Amino acid sequence: MRRQILITVAASTLLVLLAFLIPLAWLVRASAADRASSEATLGVQPLTSTVGLLGAGLPGVVADTQEQLGEPVTVFLGNGQVVGTPRPVTDSVRLARGDVANRVAPRAFSANLPDGGREILIPVVGLDAGTAVVRVEVPAAKLTDGVATAWWVLGGLGVSLLALALLVADRLARSYLGPVLALTDTAALLGAGELSARVVPSGPPEVTAAGRALNRLGSRIGDLLTAEREAAADLSHRLRTPVAALRLDVDGLSDPEDRERMARDVAELSRAIDQLIAEARRPIREGMVPACDATAVVGARVAFWRVLAEDTDRELTVSVAPGPLRVRLVPGDLADAVDALLGNVFAHTPDGTSFRVVLSSRAGGGARLVIEDTGPGLPGGDVMSRGESGAGSTGLGLDIVRRSAEASGGSLALVPAHDGGTRVVLELGPPS
Amino acid sequence: MAHVLVVEDDPSIRTALNRTLGERGHAVSSAPDAMSGLREALDNRPDLVVLDLGLPDLDGSELLRMLRAVSAVPVIVATARDDDASVVRALDAGADDYVVKPYSAETLDARIRAVLRRASSPDEEQPLVVGGLYVDPRSRVVTVDGQTVELSPREFDLLAYLAARPGQVVSKRELLTEVWRLPYGGADKTVDVHLSWLRRKLGENAQEPRYLVSVRGVGVKLVEPAA
């Protein structure tokens with residue numbers, strides 16, 4: 001943005017400077033030429049007044065005039081005699097002299113010469129020998145005397161003005177950009193979950209207003225999270241308290257069979273409520289930006305379970321892609337999911353069953369975790385439905401894994417493995 | 001017989017605790033809010049307080065601080081809050097134990113007895129010695145044949161629980177309830193993997209156990225190694 005401001009100011013300033021400097025430069029040159037012409041005209045003025053009176057003294061006066069001016073001076077007399085610097089009688093001389101027969105009046109004028117100089121011709125009428133013409137040549141160098149210097153001064157002035165404009169623009173850009181950058185930094189911190197981040201509103205009114213709005217947004221997010229935390233705590237209280245009363249009432253039942261059966265039901269209800277509360281707390285647990293490195297978490301959990309594999313004579317093959325593989329889950333949730341899946345392998349396959357763990361990257365980001373065993377395979381029915389695993393567990397573990405996978409933008413699939421065992425594919429999405 | 005004061009705002013739970021704890025030999029009084037609970041605790045001097053944190057007039061943790069300022073009565077916090085911050089806050093404020101709702105009468109009674117036992121004989125947490133194994137619950141130090149063993153907090157709790165019951169087979173469900181505080185936990189493989197780690201650190205394995213002996217289908221016991 002700062003660069004764009006500088007380019008814009010440079011372009012506009014340059015256009016304005018060119019619009020003024022180019023005519024001014026032309027004017028300076030024209031003025032210098034006019035000044036030189038005027039000086040030459042004034043220099044020969046005494047000669048034109050006295051050319052008819054000088055007679056034999058004319059050559060001397062012409063020479064003196066020429067010396068004073070430092071320019072060639074020629075007097076064309078009416079009798080055809082040429083005094084001073086020899087020059088041919090050109091059409092310009094004839095035009096200045098006029099032609100009585102053709103009713104062309106004598107007139108003074110100046111004309112440009114082929115070498116860049118200028119000739120000034122002044123007719124002197126009323127002489128006995130006819131109209132004389134006084135001619136003075138102004139060389140090109142004299143016509144442009146001082147122009148180069150003036151142009152250098154103008155150029156320098158233009159460059160100075162341009163530099164000054166850029167300096168002022170840079171200061172202005174900084175004064176605009178400082179608050180905007182502070183605003184951007186604060187927004188990035190809020191986005192990263194630093195909810196205490198606030199900006200000191202400053203700069204132009206629009207940026208100041210945006211800063212105040214961002215601060216209000218940060219406060220609002222904090223309030224909402226607090227409200228959500230309180231709602232989750234209240235949910236826990238409201239759901240667990242009646243179940244606690246129910247659990248204590250069940251303990252008071254006299255029939256041992258009824259007591260055992262109802263205690264199991266209450267335990268099942270309690271687990272479902274725990275899961276519900278855990279799910280309600282997910283936004284609080286995850287914060288603004290849930291993310292972790294799957295290679296680190298999976299590697300650590302596999303290392304943790306490896307000792308049990310050794311103690312139960314299971315061959316464990318592990319393949320973890322080079323990290324980091326970032327996924328949209330907090331480390332604790334991913335660790336819980338991996339623990340649930342590995343725990344299932346140990347719980348539902350006999351000792352000695354080999355299994356392998358493969359963690360790889362996904363094309364669209366995130367990671368794919370495959371856990372495949374050579375056990376007896378999947379039981380019938382939907383193993384991911386709570387309470388229907390049919391293998392001595394409630395299925396809640398898989399439900400937790402599925403919820404975590406879906407929360408990350410991925411999925412969980414259980415399919416038969418090629419060699420008859422179970423293949424679990426956990427797809428985890430990338431951080432947002 | 002112990003006098004137990006239940007400070008709980010839910011009338012169903014108060015009634016149920018009055019009945020079930022009474023059936024287990026305790027004299028039970030109750031209070032529905034913090035202020036009446038504090039008054040009851042100061043006037044009648046119960047042997048133990050079962051305290052809910054979600055009280056209508058004052059947070060239970062505040063009541064706990066007030067109680068601690070004037071009384072050394074043992075307190076078991078019994079609440080629906082299961083997050084770590086609440087547990088740590090309650091224990092730091094002076095709670096002697098913490099149970100999360102819903103709990104069974106049996107579990108609560110066991111904790112009441114354990115807390116009362118500790119309160120009556122503060123020196124109970126003596127170091128446990130089983131063969132060459134030395135477990136000190138107070139300093140949380142474990143040595144095997146004089147060599148210090150580094151354990152995670154959960155591994156230490158597991159070993160200390162088993163060492164307090166040498167030769168007694170303890171079921172995995174009991175370990176989940178008492179060590180993990182998961183009375184309804186079904187992930188008994190969690191216990192298995194921790195036992196595997198514990199075995200590694202004690203210098204043994206499942207095939208050649210020394211201290212930790214699995215009893216198939218029943219549980220695990222900690223024994224003195226055969227010479």
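The contact between the two chains takes 29 residues from chain B and 28 residues from chain A, where two residues are in contact if their C-beta atoms, placed from the backbone, lie within 7 Å. On the side of chain B that touches chain A, the helices α1 (11-23), α5 (105-120) and α8 (188-202) of chain B each supply at least two residues. Of the elements of chain B, α8(B) gives the most to this side, with seven residues. By class, the side of chain B that touches chain A has 12 nonpolar, eight polar and nine charged residues. In this division, Ala, Val, Leu, Ile, Met, Phe, Trp, Tyr, Cys and Pro count as nonpolar, Asp, Glu, Lys and Arg as charged, and the others, Gly among them, as polar.

The model is predicted, so that local features need pLDDT of at least 70 and side-chain atom pairs count only at pLDDT 80 or more, while totals for chains, interfaces and linings use all residues. Residues are numbered from 1 along each chain as its sequence is written, and chains are lettered from A and ligands numbered from 1 in the order in which they are written. The predictor gives the complex an ipTM of 0.76 and a pTM of 0.61. Its confidence in each residue is the pLDDT, which runs from 0 to 100. Chain A averages a pLDDT of 87, and 95% of its residues score at least 70. Over residues 385-394 of chain A, however, pLDDT stays under 50. The mean pLDDT of chain B is 88, and 95% of its residues reach 70 or more.

Chain A comes to 11 helices and 12 strands. Helices (H or I, at least four residues) and strands (E, at least two) are DSSP runs, numbered from the N terminus. Of the 432 residues of chain A, 28% count as buried; a residue is buried if 20 or more other C-beta atoms lie within 10 Å of its own, exposed if 12 or fewer, and partly exposed in between, with C-beta atoms placed from the backbone.

Strands of a sheet pair through backbone hydrogen bonds, either parallel or antiparallel. In chain A, five strands form an open sheet in the order β2-β1-β5-β4-β3, with antiparallel pairing; two strands pair if DSSP finds at least two bridges between them. The strands β2 (82-84) and β3 (109-112) of chain A stand at the edges with a single partner strand each, so one side of each is left without a neighbour in the sheet. Neighbouring strands of this sheet are turned by 20° against each other on average, direction ignored. Within the sheet, seven bridges join β4 (residues 118-124) of chain A to β5 (residues 132-138) of chain A, and I122(A) stands opposite V134(A) in β5(A).

Two helices lie across this sheet. Helix α1 (residues 2-54) of chain A lies across β1 (73-76), β3, β4 and β5 of chain A and runs at about 155° to β5(A). Axes are lines fitted to C-alpha atoms, for helices over the stretch in contact, and angles run from 0 to 180 degrees between N-to-C directions. Helix α2 (residues 58-69) of chain A lies across β1, β2 and β5 of chain A, at about 150° to β1(A).

Further along chain A, the axes of helix α9 (residues 294-311) and helix α10 (residues 331-348) come within 10 Å and cross at roughly 35°. Among the residues of α9(A) in this contact are V298(A), W305(A) and L308(A), and the residues they and others meet in α10(A) include L334(A), V338(A) and F346(A). The residues of the contact divide into 11 nonpolar, no polar and two charged.

Chain B has an open sheet of four strands in the order β6-β7-β8-β9, and the pairing is antiparallel. Its edge strands are β6 (128-130) and β9 (147-148) of chain B, each of which pairs on one side only. Helix α6 (residues 153-163) of chain B packs on the sheet, touching β6, β7 and β8 of chain B, and its direction makes about 110° with that of β7(B). Four bridges join β7 (residues 133-136) to β8 (residues 141-144) of chain B, with V135(B) opposite V142(B) in β8(B).

The strands β10 (residues 212-215) and β11 (residues 219-222) of chain B pair in the antiparallel sense over four bridges. Three residues lie between these strands, and G217(B) takes a positive phi near 80°. The bridge partner of S214(B) in β11(B) is V220(B), while V213(B) stands opposite K221(B). The covered face of β11(B) has V220(B) and L222(B), and the uncovered one has G219(B) and K221(B).

Definitions and conventions
pLDDT is the predictor's confidence in each residue, from 0 to 100.
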